[in-house]
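Dear colleague,

Please find below the structure that I am handing over to you, followed by a summary of what was found in it.

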Amino acid sequence: MKKLSVVIPVFNEEESLPDLFRELFTELDKLNYPYEAIFIDDGSVDRSLFILREEQKRYANMIIVQLEGNFGQHQAIMAGFSVACGEYIVTIDADLQNPPSEIGRICEVMDKGYDYVGTIRDDRQDAFWRKALSKINNRIRERVTKIHIT
């Protein structure tokens with residue numbers, strides 16, 4: 001059976017973390033995969049790290065990686081990848097724009113033999129500059145990997 005690692009970058013998400021924990025662990029417990037949830041604190045200045053540490057007392061399969069500063073979402077995700085032990089690695093955002101309920105569907109597709117599964121948010125709630133940077137990053141990724149997501 002494949003092990004699942006869920007990598008979640010966190011930056012100043014104290015308000016969304018309680019809902020994230022409830023939804024994430026409820027969904028992960030439904031799946032037929034042993035799992036670990038890796039939270040990367042990307043230099044939060046709110047109570048996010050405190051909340052993560054408190055929740056870690058409840059969840060034995062939770063890992064916290066604390067970065068010494070705010071290095072950005074990409075670097076936080078890469079830090080999570082560096083400690084992930086799963087054959088399947090899924091990334092989601094701490095703000096619940098990527099719903100944990102999708103993790104099972106992603107794993108089902110990977111079970112069919114795919115090496116990479118990408119998703120697109122229908123109603124992205126980000127600032128214009130963030131959406132623009134994401135499009136640029138996607139174009140660079142497509143040129144490098146030859147993987148086109150539609």
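To begin with the aromatic side chains, Phe21, Phe25, Tyr35, Phe39 and Tyr59 are linked into a cluster by ring pairs. Rings of Phe, Tyr and Trp (its six-membered ring) pair if their centres lie within 6.5 Å; planes under 30 degrees apart count as stacked, over 60 as edge-to-face and the rest as tilted.

Before the details, please note that this is a predicted model, in which local features need pLDDT of at least 70 and side-chain atom pairs count only at pLDDT 80 or more, whereas totals for chains, interfaces and linings use all residues. Residues are numbered from 1 along each chain as its sequence is written, and side-chain values use heavy atoms, with hydrogens and water left out.

Aromatic pairs

Under the ring criterion, the count is six aromatic pairs. One of them joins phenylalanine 21 and phenylalanine 39, a tilted pair with 5.2 Å from centre to centre and 40 degrees between the planes. This pair links distant parts of the chain, since phenylalanine 21 lies in helix α1 and phenylalanine 39 in strand β2, 18 residues apart. Helices (H or I, at least four residues) and strands (E, at least two) are DSSP runs, numbered from the N terminus. Phenylalanine 21 is buried, at a relative accessible area of 2%, and phenylalanine 39 is buried at 0%. Here buried means under 20% relative accessible area, exposed over 50%, and partly exposed in between (1.4 Å probe, protein chains only).

The rings of phenylalanine 25 and tyrosine 35 have centres 6.3 Å apart and planes at 45 degrees, so this pair is tilted. It also links distant parts of the chain, with phenylalanine 25 in helix α1 and tyrosine 35 in strand β2, 10 residues apart. Both phenylalanine 25 and tyrosine 35 are buried.

How many residues of strand β1 are buried? Strand β1 (residues 4-10) is mostly covered, with seven of its seven residues buried. Leu4, Val6, Ile8 and Val10 point one way from β1, while Ser5, Val7 and Pro9 point the other way, and all are buried.

Two strands pair if DSSP finds at least two bridges between them. β1 and strand β2 (residues 35-41) run parallel and are joined by seven bridges. Within this pairing, leucine 4 stands opposite tyrosine 35 in β2, and tyrosine 35 also belongs to the aromatic cluster. β1 pairs with strand β4 (residues 88-91) as well, in the parallel sense over four bridges; there, valine 7 has threonine 91 of β4 as its bridge partner.

Together, β1, α1 and β2 make a right-handed β-α-β unit. A crossover is right-handed if, with the strands pointing away from the viewer, the path from the first strand over the helix to the second runs clockwise.

Salt bridges

A salt bridge is a side-chain nitrogen of Lys or Arg within 4 Å of a carboxyl oxygen of Asp or Glu, and by this rule the count is seven. Among them, lysine 30 and glutamate 27 meet at 3.2 Å, N to O. These two residues are separated by about one helical turn because they are three residues apart in helix α1 (residues 17-30). Lysine 30 counts as exposed, at 57% relative accessibility.

Glutamate 55 forms a salt bridge with arginine 58, with the closest N and O atoms 3.0 Å apart. Glutamate 55 is buried, at 16% relative accessible area, whereas arginine 58 is exposed at 58%. In the salt bridge of glutamate 102 with arginine 105, the closest N and O atoms are 2.8 Å apart. Glutamate 102 is partly exposed at 26%, and arginine 105 is exposed at 52%.

Helix α5 and the surface

Phe128, Trp129, Leu133, Ile136, Ile140 and Val144 make a nonpolar surface patch of about 720 Å². Patches are made of residues with over 30% relative accessible area and no salt bridge: like charges are joined within 9 Å, nonpolar side chains (Val, Leu, Ile, Met, Phe, Trp, Tyr) within 5 Å. Accessible areas come from the Shrake-Rupley method with a 1.4 Å probe; for residues, only the protein chains shown count as cover.

Isoleucine 140 lies in helix α5 (residues 128-145) and is partly exposed, at 48% relative accessible area. Asparagine 138 is also placed in helix α5 and is partly exposed at 29%. The C-alpha atoms of asparagine 138 and histidine 148 are 8.7 Å apart in space, the two residues being 10 apart in sequence.

With kind regards
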